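This report describes side-chain packing and charge pairing in one protein model. Please keep the sequence and the structure in view while reading.

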Amino acid sequence: MARALAARGYETATPVQSAVLEPRYVGRDLIISSQTGSGKTIAFGTLLAQTLLAEGTPFVRGPRPVALVIVPTRELAAQVREELGWLLSQTGLRLASFTGGTSVGGDLRALAHGVDLVIGTPGRLVDLSRRERLDLSAVTTVVLDEADEMLDLGFREDLETLLQAAPAERRTILLSATLPSEIRALARKFQREALPVDPRTAEGGAAASAASAHADIAYVAHVVAHNERLAAVVNVLRAFDLQAPDEARAIVFGTTRDGVAQLHAALVARGFAATVISGDRAQAERDRALEQMRQGLTRVLVATNVAARGLHLPDVDLIVHADLPLNAESLAHRSGRTGRAGRKGTAVLIVGAHERRKAERLLAAINARTTWSAAPSAESIAAAARSRMIAALLKDEDAPEEGAPSAAAVEAVIQKLEAQRPAREVLARLLARELARLPAGEPLTVVAASSNGARDARPGPRHSRSDFSSKGVLFRINLGAKDKADPRWMLPLICRRGGVTNREVGAIRIGPRDTTFEIAGDAAHDFSVASAQMDPRAPHVRIDRADGPAAAFTPADGPRPSPSPTRPALRSFKPAPHKAAGHHKPAPHHKPAPHHKPAPHHKPKPKQK
């Protein structure tokens with residue numbers, strides 16, 4: 001292994017690689033907390049060798065696998081197979097990876113020839129085990145890489161099946177960037193007195209480690225109108241293309257497979273050299289897409305979270321979050337595809353006006369310093385393209401580019417043009433044609449990132465009652481008691497629609513046809529801007545300032561007139577109290593009519609006022 005590391009140019013171990021080799025961890029079950037890009041594959045590779053290989057003794061092959069590495073995605077399996085392949089190349093261990101999306105026949109043949117170290121995704125490993133072709137009874141070490149991601153993807157049952165199939169006295173190594181309760185429960189169930197390994201804490205605490213993990217990544221957030229997300233992504237990529245070197249790469253992350261496919265098609269239609277990977281793509285397609293990126297045939301990869309972990313792509317300088325990730329961990333892993341190995345990178349978040357508060361919370365959770373700004377405009381992109389063209393024309397060329405015409409041929413064309421038209425007219429025509437070919441940006445609505453600049457999104461104390469009474473702003477929503485409005489479900493609706501937290505929402509007062517609520521004064525302007533955008537999930541819900549006309553519940557109802565200036569204040573809606581049966585008193589002089597026949601000459605009594 002030392003020879004293999006030296007051949008690869010490894011001289012200094014990363015913190016996690018040094019930590020796992022401390023004497024107190026030898027032979028023990030471990031829970032390793034390590035961020036993406038920290039060198040953890042080499043770390044658990046040395047742990048595997050520590051368990052499987054005896055000092056100075058060749059490895060003795062057996063009929064069954066002795067080690068198992070479980071990973072969440074096919075791409076990560078391929079990368080782990082490659083990394084461990086060269087690291088353990090001189091040990092005699094036979095490695096093979098088994099993942100979904102590939103022919104099971106090839107897996108069966110590999111197992112028939114003999115495999116010592118198995119690497120695979122949970123679904124395919126369980127399938128091979130149920131076919132009784134993958135025998136885990138001789139496994140001495142199990143590694144769960146990116147365990148939190150596997151639980152997020154719903155592999156809990158498959159993981160438990162595989163861990164139960166391996167011997168109970170095995171060594172189990174669990175690696176996870178985060179340690180939520182689900183991971184701790186898994187460790188308690190399937191590990192034996194596992195020791196935590198967190199090199200980040202040893203270097204100054206989790207907060208310091210989180211900051212250092214993002215030191216090489218510049219975070220930028222653009223607030224856009226809800227229907228201009230694609231245009232913003234296009235402009236960000238245009239601006240990047242005009243500023244970055246030709247070998248730079250970008251990854252655009254989306255949330256859903258359909259959304260990623262549509263985004264990829266739109267980028268290709270606009271002339272970008274882009275490729276796509278997502279969970280529904282065949283493994284051959286995904287491998288081909290990654291190889292095109294590595295070779296420089298494409299510069300933009302559009303992907304779901306399947307590319308957020310474990311993929312090694314060179315020269316990724318830009319990450320674009322076209323859709324906000326679901327949680328802070330996903331944001332960290334997506335952004336971690338850039339800023340690796342000392343190389344600087346940029347992560348750009350495209351934030352809908354109603355999502356700004358959510359974006360701030362996600363960024364605060366990973367301690368990322370963020371610049372809030374407007375997305376690149378079409379005018380700025382056109383100006384940058386013109387500047388780049390002028391610089392290229394004025395650049396001193398030492399040698400002509402390959403395929404360029406000779407100087408004599410150029411001079412001959414110049415003489416013919418000068419004989420027919422003035423030089424300035426010819427130049428104007430040529431420039432007009434070249435300017436028309438320059439990359440164009442998309443028109444964008446100007447949306448302010450924040451009324452007061454970027455605010456600190458860290459959790460703070462809830463606004464006090466006096467804050468709302470003195471500085472709060474009253475808003476109205478077109479849902480009331482007739483719509484079965486209830487503060488329990490209206491509060492999340494208000495927060496989502498206006499991009500605020502529940503700390504910034506005051507009293508909610510439900511009336512017959514609409515509801516009023518207070519927003520803290522420092523958030524009222526942003527709430528007004530965000531709530532004015534139509535929510536595709538609830539287009540009929542309208543929010544406006546309470547000092548204006550109340551909105552109609554549906555367009556078909558038509559607008560309602562402004563409330564009367566003397567309209568009483570709305571009170572919280574409460575159902576009428578239920579009276580016990582023994583306390584009910586009938587109205588005086590009330591004589592019920594016989595139920596078998598109506599009373600003669602009955603005249604209805606006038607309604608009591």
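Are Phe475 and Phe527 buried or exposed? Both Phe475 and Phe527 are buried, where buried means under 20% relative accessible area, exposed over 50% and partly exposed in between, with a 1.4 Å probe and protein chains only.

## Basis of the model

The model is predicted; local features need pLDDT of at least 70, side-chain atom pairs count only at pLDDT 80 or more, and totals for chains, interfaces and linings use all residues. Residues are numbered from 1 along each chain as its sequence is written, and side-chain values use heavy atoms, with hydrogens and water left out.

## Aromatic cluster

Four aromatic pairs are counted; rings of Phe, Tyr and Trp (its six-membered ring) pair if their centres lie within 6.5 Å, and planes under 30 degrees apart count as stacked, over 60 as edge-to-face and the rest as tilted. One of the pairs, Phe475 with Phe517, is stacked, at 6.1 Å centre to centre and 15° between the planes. This pair links distant parts of the chain, since Phe475 lies in strand 15 (residues 473–477) and Phe517 in strand 17 (residues 515–519), 42 residues apart. Helices (H or I, at least four residues) and strands (E, at least two) are DSSP runs, numbered from the N terminus.

The relative accessible area is 1% for Phe475 and 0% for Phe517. Phe475 also pairs edge-to-face with Phe527, at 4.8 Å centre to centre and 70° between the planes. Here the link runs from strand 15 to helix 22 (residues 521–531), with the two residues 52 apart.

## Nonpolar cores

A nonpolar core is a set of buried Ala, Val, Leu, Ile, Met, Phe, Trp, Tyr and Cys residues joined through side-chain atoms within 4.5 Å. The largest has 34 residues, of which Ile32, Val69, Leu84 and Leu117 touch the most other members. Among the elements that each supply at least two residues of this core are strand 1 (30–33), helix 3 (40–52), strand 2 (67–70) and helix 4 (74–87). Helix 3 gives the most, with seven residues.

Leaving out residues up to four places away in sequence, Val69 touches Phe44, Leu48, Val80, Leu117, Val118, Ile119, Gly120 and Val143; contact means heavy atoms within 4.5 Å. Another core, of 32 residues, lies apart from it and includes Tyr219, Leu290, Leu301 and Val316.

## Salt bridges

Side chains of opposite charge can pair when their charged atoms come close. The structure holds 16 salt bridges, each a side-chain nitrogen of Lys or Arg within 4 Å of a carboxyl oxygen of Asp or Glu. Arg124 and Asp107 meet in one of them at 2.5 Å, N to O. Arg124 lies in helix 6 (residues 122–130) and Asp107 in helix 5 (residues 104–113), so the pair ties together parts that are 17 residues apart in sequence. Both residues are buried.

Arg356 and Glu360 form a salt bridge at 2.6 Å, N to O. Both lie in helix 16 (residues 356–365), four residues apart, about one turn of the helix, and both are buried. Salt bridges with shared partners join Lys40, Asp145 and Glu146 into one network.

## A buried arginine without a salt bridge

Arg170 is found in the loop between helix 8 (156–165) and strand 6. Arg170 is buried yet has no salt bridge; the nearest side chain of opposite charge, Asp29, is 6.6 Å away. For charge, Lys and Arg count as positive and Asp and Glu as negative, while His and the chain ends are not counted. A polar atom of the Arg170 side chain lies 3.1 Å from the backbone oxygen of Phe190.

Methods
Polar contact = N/O pair within 3.5 Å; in protein donor to acceptor, adjacent residues only side chain to side chain.
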